[in-house]
Every structure is written in C-alpha cells, then in structure tokens.
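Please load the model in the viewer and colour it by chain.

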Amino acid sequence: MLAASHLAYRYGPRRWGLLDGHFSVGGPVVGVLGPTGAGKSTLLALLTAARTATSGTLLVSGLDPGERRQRRQLRSRLGFVPQSLSIHPRQTVGEFLAYVGWLRRVPAAGLGQAIADSLLATDLTELRDRPVRSLPAGTRHRLVLAQVLVNRPSLVVLDEPLVGLGPEQRAQFLARVAAMRDDGTTVVLATPLAADVAAVCTEVVVLAGGRTLFSGTTAALAGVGGPAAHPAGPAPVLAGYHRLLAGAGAVAG
Amino acid sequence: MSPGLRALRAELTSRAGLLVGLLSVTVALTTGLMRMPPPTGPSWSATFNEALLGLVGLAPVCAGAVAWLVQDYQRRGIAALAGSSPRGAVGGALPRVGAALLWALAGYLVLLLISAVRTTHRGLPDWPPLLLVLLATAFLAVGAALGWAVGAVATVRAAPPLLGVALFVGVYAGSYGDDWVGRLTPVDRMAVYRSFLQPHVRLVLAQVAVLAAVAALALCVPLAGGLARRWTGLSAAVVLTGAVLVLSKTDPDPTEIRAAPRQPACAGSGVVVCLRPENADLLAPSSMALSAAAAALAPYLPVPMRFSEPGIDRRVDHGPGVYVPPPEPGDPLAFEAAALAAILPPPCPRRVADASATMAYGDVLIWADATVNGPAGIPAYERQRFARILAQNVPGQREWVQRHLTAACS
C-alpha cells in the first residue's frame with residue numbers, strides 16, 4: 001500500500017525533511033512512528049500529496065502522488081487530520097463539514113447525505129447547528145474525525161491525532177480508528193508513542209532524523225534486538241522501538 | 001446554491017469577513033466624503049479618477065485583511081487540511097481571499113457612488129473612463145495577492161498591518177510621482193485637475209497589465225507545485241516586461257490623451273466656437289461671450305475667428321483660440337473671463353516670476369475687460385489711469401497693448 005524508494009524531501013538548500021526513505025508496508029492500519037523532528041509530518045505531507053518529493057519514488061495505494069492525474073485521484077480518495085487543526089470557533093459543525101465537502105469536491109447533490117452520514121458515524125447528529133466554540137474538547141476531536149469521513153475515503157491519514165487527549169478520549173479515538181479499519185478503510189497513523197502503534201497498527205515505519213530505521217510488522221518491531229520479555233501488550237513494541245532508537249543513536253554517535 | 005458559493009457566503013458573513021467589510025466601507029466613506037467634490041470637466045473621467053484616488057486607503061486595507069485571513073488559515077491547520085484535498089491549499093483559501101476582495105470592491109463601489117452623486121455630469125459615461133474601473137479592480141486584486149503572499153510566508157502577527165502601511169506609503173508617494181513612478185502608480189492625483197483629461201487607453205491598459213503581472217508574481221508564493229509556479233512566474237515576468245516597455249514609451253501630453261471628437265458641437269458664423277459634444281449646453285453662452293469679446297478687441301490686436309476646446313483643432317492646452325469653457329452654463333462673468341483668456345492668453349509659455357511682467361499682463365486684461373464690457377470692472381484706484389488709456393485713439397491703444405504684452409514676457 002505504501003512503497004518508497006530513495007524517497008527524499010528538502011525544505012531548503014541545507015534542510016532535509018526526509019532522507020533516502022525505503023519502505024514497503026501494507027495492511028489496514030499502518031503506523032508512522034518516530035520522535036519529534038523525525039520527519040513524520042513531512043512523510044505524511046508526501047503521502048497526502050500536499051508536497052512533492054524532491055527525489056525518489058513513492059506509491060500510495062498504487063498511485064504516484066508526484067504525477068498530476070494520479071495526485072488528483074489520490075486526493076479525492078483521501079481523508080486527512082493535520083497535526084494541529086483548530087476549527088474556527090464561530091463556525092457551526094454543519095458549516096465546517098460543508099466546507100470540507102467542498103474542499104474534497106463532494107458532489108453538491110450528495111453533500112447533505114455525506115455530512116449526515118459522517119455526523120452519524122461520530123455521534124454528532126444532534127450538534128449539527130451548534131457553533132464549534134460551544135463543544136467540549138472531546139466532541140471537537142470527534143468533529144475532527146467526522147470531517148475525515150465526509151468524502152467516504154478509502155485511505156485515512158492521521159497526523160498525531162492523539163496529542164493532548166486524556167486516556168478515555170484516547171481509547172475512544174482508537175476505537176473509531178479500529179471501526180474505520182473494520183469498514184475496509186486503510187489508515188495511516190503518525191504518532192510519537194509506541195503504545196498507539198501497538199494498540200491499532202498492523203505494520204509500522206519507524207523514522208528518526210529523517211531516516212527510515214525500520215519498516216515491517218508491529219510484531220517484527222517488537223522483536224528488534226532480541227525476543228520480547230513480555231510478548232503481550234504494548235511493552236514489547238515499546239522496547240523494540242527504544243532498542244531501535246538507541247541503535248540509531250549509537251550509529252549516529 | 002453551490003457548495004463553493006456557500007463557502008464564499010459563509011466567509012463574507014463570518015465575524016472576520018464582516019469586520020473586513022466594515023473597515024473597507026468605513027475607509028471608503030471617510031476618503032470619499034472628506035474630499036472636495038471633483039472639479040469635473042467635460043467627461044466622466046474626473047469622477048472615475050476621484051473614486052480611484054480613494055483606493056490609496058482601500059487597497060492597503062484589502063492587502064492587510066487578506067494577509068491576516070491567510071495567516072489565520074495557516075495557523076489553524078486549515079491550509080494543511082486543504083493541501084491534501086483536490087482543491088489544494090490555494091483553492092481552499094479562495095473563499096477567504098475572495099470574501100475580502102469582494103468587500104474591498106464594495107468599498108470601491110461606495111467611492112464610485114459618492115463621486116457619481118456629487119458630479120455635475122449627466123448621462124452615461126463613454127467607454128474610456130470605464131477602463132479606470134478595470135484599473136481599480138486590478139489594483140485591489142494586487143492588494144489581495146500581496147496580502148496572500150505575505151500571509152503565506154510571514155508568521156509574525158505584525159506582518160499584515162505592516163504590509164498595509166507599506167502599501168499605503170508606497171502608493172501615496174507614487175501618486176505624487178512624476179514620469180516613471182507616476183506612470184507605474186495606478187493613481188494620479190493630477191488627473192482630476194485636467195478638465196479635458198480622459199484615460200489614455202494604451203497607458204491604462206499597460207498599467208492594468210503591470211498590476212496583473214505583479215499579482216501573478218505575488219501568487220507564485222503560495223502556489224504549490226513547481227511547474228504551475230514556474231509557468232505563472234514566467235508568464236508574469238514576460239507580461240511585466242512588455243507592459244513596462246509600453247509604459248516607458250507612453251508619455252502622452254494631456255491634450256493627446258483624449259481623441260478629437262468626430263463631430264464637435266460648433267456654433268457661430270463669423271466667430272466660430274467648437275466644443276466637445278457633451279458640452280453642447282455651453283455653446284450658446286460661449287458663443288455670445290466670444291463674439292462680443294472678438295468684436296470689441298479686433299481693432300486693437302489680431303483676434304482668431306475660430307475657437308475650440310483643447311485637443312479639438314490643436315494639440316495644445318493654451319494659446320490664442322484655445323478655449324476652455326466654464327463647467328456650468330449659469331455664470332456670464334465666467335464665460336467673459338474664459339473668452340478673454342482665449343483671445344489674450346498669457347504671451348509666454350510660463351509665467352515670468354517678475355512682478356512688473358505680471359502687472360503688465362494684468363493691465364492688458366483690465367484694459368480688455370473694460371474695452372469689451374465697459375469701465376465698471378476697473379478697480380477704483382486704477383480708473384484715472386485706464387480712462388486716459390481708453391481715451392487714446394485706436395493706433396495709440398494698439399501700440400499700448402503691444403508694449404504691455406512684450407513687457408509681460410520680459
């Protein structure tokens with residue numbers, strides 16, 4: 001589903017966001033894991049065709065985001081949650097979703113139904129005419145997820161959507177991601193937390209300093225550097241991730 | 001209503017949109033009402049120029065507002081969301097930028113209405129002054145494009161007001177500029193004082209082309225995608241170069257700006273006076289004043305038998321026979337003064353900065369007025385001196401007039 005070869009993106013003459021990325025991962029939920037500044041958002045910008053790679057090749061669901069026609073196709077299939085999405089507080093829930101529908105080129109005839117469906121899927125139907133400022137934080141997060149569903153995407157890309165959520169909201173959000181997966185939607189989840197990856201992801205790409213440290217199944221990540229002491233739960237994934245970062249640090253150092 | 005129009009309406013009526021609208025209309029009302037009514041000449045161009053002058057305040061407001069709205073668009077992550085959509089980050093910002101531009105255009109409409117209500121013209125404008133509406137629209141579009149570019153790259157909150165101030169200072173100073181600067185600035189303060197001035201088609205079109213190219217170059221900043229950016233930038237650079245070349249070779253004399261009418265409105269048999277067709281209502285009082293003045297002064301100096309507005313017969317704006325009518329038909333004294341100025345224009349191209357020369361020309365005008373209309377207009381303290389001059393025979397007065405006209409140029 002995601003395949004990259006020598007993938008690189010440069011922000012300026014000396015500032016690389018991504019360097020020589022190599023990976024090939026698939027599965028219903030792919031995690032993009034890495035510490036702050038690892039290049040996760042840059043990779044997601046390339047995946048969502050918001051930016052074009054400086055060099056190398058990238059295929060997302062078999063489409064090349066660098067090619068104009070395929071980029072358009074990819075964008076029309078996408079749902080995306082950017083890292084910090086702050087909806088205008090005076091906008092109503094319905095107005096915001098209508099705007100997203102317009103962005104995603106949802107046909108005018110079906111837009112009303114698409115909005116109703118996404119509100120239903122996120123339990124927001126009753127709040128359609130409420131201004132965003134009147135919604136509690138958890139409900140706003142549901143709205144952020146609702147906007148993803150407006151164009152009924154086959155690929156959903158989430159850029160650190162769990163930052164700032166409490167344990168309960170976190171669990172609810174991950175449950176909705178799992179529901180999307182069960183509906184046949186492919187999800188790419190960028191996160192700095194290995195626990196999130198362990199909770200929902202089947203495959204994972206680990207980045208650090210713009211480089212690809214690992215790509216493969218979550219189980220394989222847990223086995224990096226030796227067998228896990230506790231094979232169940234998030235701990236082995238976290239341990240494998242830490243060993244990977246430590247190794248990269250040793251190499252870099 | 002289509003989703004796009006709905007998005008535009010939402011931006012127009014949002015709190016930020018209404019704030020921008022309120023600011024635009026307030027600036028337009030203030031600048032429109034603060035100015036004196038336009039000293040309109042024989043065309044609508046002065047009215048349109050008057051409205052154009054108001055953009056010195058309105059375009060910076062538009063630029064600053066767009067920069068502010070685009071900064072908000074970026075800051076809230078909406079740009080990132082739109083960047084992954086088929087419309088892209090630029091397309092996603094269109095409702096915001098469009099709303100601000102529409103409010104600025106509404107402000108311009110207010111300026112136009114104020115100027116149109118206060119003008120003395122009647123009837124519909126012909127098409128050249130309408131080019132100034134195109135110029136105004138292009139100018140506001142440049143403001144919006146500059147705002148978009150600054151909002152897309154500058155994250156500091158002071159950037160939008162700073163852009164507005166910089167644009168205001170630049171255009172305000174440029175509007176007083178001569179030659180190059182003056183022609184590059186779409187606002188010309190002197191234009192309203194040239195009563196016969198209409199927009200010079202080539203000049204205005206070149207200015208519109210410059211503005212369109214500047215707007216396109218500014219839009220290259222937020223435009224994503226190397227190819228689109230490269231093509232836009234390249235096309236804009238070509239247009240800009242061409243337009244600047246045209247501007248460098250276009251420096252029209254005021255009387256060349258407006259083409260001579262195919263059929264001027266003319267009257268009189270002995271003394272003929274020709275005006276532009278829209279000034280036909282000024283023909284009768286003009287003809288009367290010119291005939292009376294020509295008949296009275298003919299024995300003393302060479303008097304032209306044909307008078308016309310600047311640019312009709314000759315491409316000069318002053319000289320014997322060049323007649324500039326007063327704007328209104330109601331004041332006979334104004335027509336008498338205009339007639340004397342057409343028969344006895346200042347003999348030098350420029351007024352000599354010498355009191356004796358100025359006084360000599362003043363004496364000739366007092367003498368001419370007294371010869372045409374009688375001695376009632378002579379100042380009381382000059383009555384005796386002019387009584388002696390007027391008592392001389394024709395050759396004596398002719399010699400006196402020649403002597404004073406020569407002295408007026410010394």
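What is the volume of the second largest pocket? In this predicted model, the second largest pocket has a volume of about 860 Å³. To centre the view on the pocket, select A:Q91, A:E95, B:A10, B:E11 and B:S14, which are the closest to its centre among the 34 residues that line it.

Next, display the helices around this pocket. From chain A, α3 (93–103) and α4 (108–121) each supply at least two residues of the lining, as do α1 (3–13), α2 (15–34) and α4 (55–75) of chain B. Highlight α1(B), the source of the largest share of the lining, with seven residues. Colouring the lining by residue class gives 16 nonpolar, seven polar and eleven charged residues.

Now turn to the contact between the chains. Select the 25 residues of chain A and the 21 residues of chain B that take part in the contact. The area buried between chain A and chain B is about 2200 Å², with carbon and sulfur atoms giving 62% of that area. On the chain A side, show A:Y99, A:W102 and A:L103, which lose the most area to chain B and together account for 31% of what that side buries.

How many salt bridges are counted between chain A and chain B? The count is zero, whereas six residue pairs are in polar contact, both residues at pLDDT 80 or more.

Finally, select α2 (68–77), β5 (78–81), α3 and α4 of chain A, each of which supplies at least two residues of the side that touches chain B. The most comes from α3(A), with five residues. By class, this side of chain A divides into 15 nonpolar, six polar and four charged residues.

Conventions
Residues numbered from 1 in each chain as written. Chains lettered and ligands numbered in written order. Predicted model: local features only at pLDDT ≥ 70, side-chain atom pairs only at ≥ 80, totals over all residues. Heavy atoms only, no water. 1 Å grid on protein atoms, 1.4 Å probe; cavity = no way out; pocket = protein on both sides within 12 Å on 5 of 7 lines; lining within 4 Å. Points joined across faces, edges and corners; volume = space filled by probe spheres on them. Helix = DSSP H or I, 4+ residues; strand = E, 2+ residues; numbered from the N terminus. Nonpolar A, V, L, I, M, F, W, Y, C, P; charged D, E, K, R; others polar. Contact = heavy atoms within 4.5 Å. Buried area = accessible area lost by both parts, 1.4 Å probe. Salt bridge = Lys/Arg side-chain N within 4 Å of Asp/Glu carboxyl O. Polar contact = N/O pair within 3.5 Å; in protein donor to acceptor, adjacent residues only side chain to side chain.
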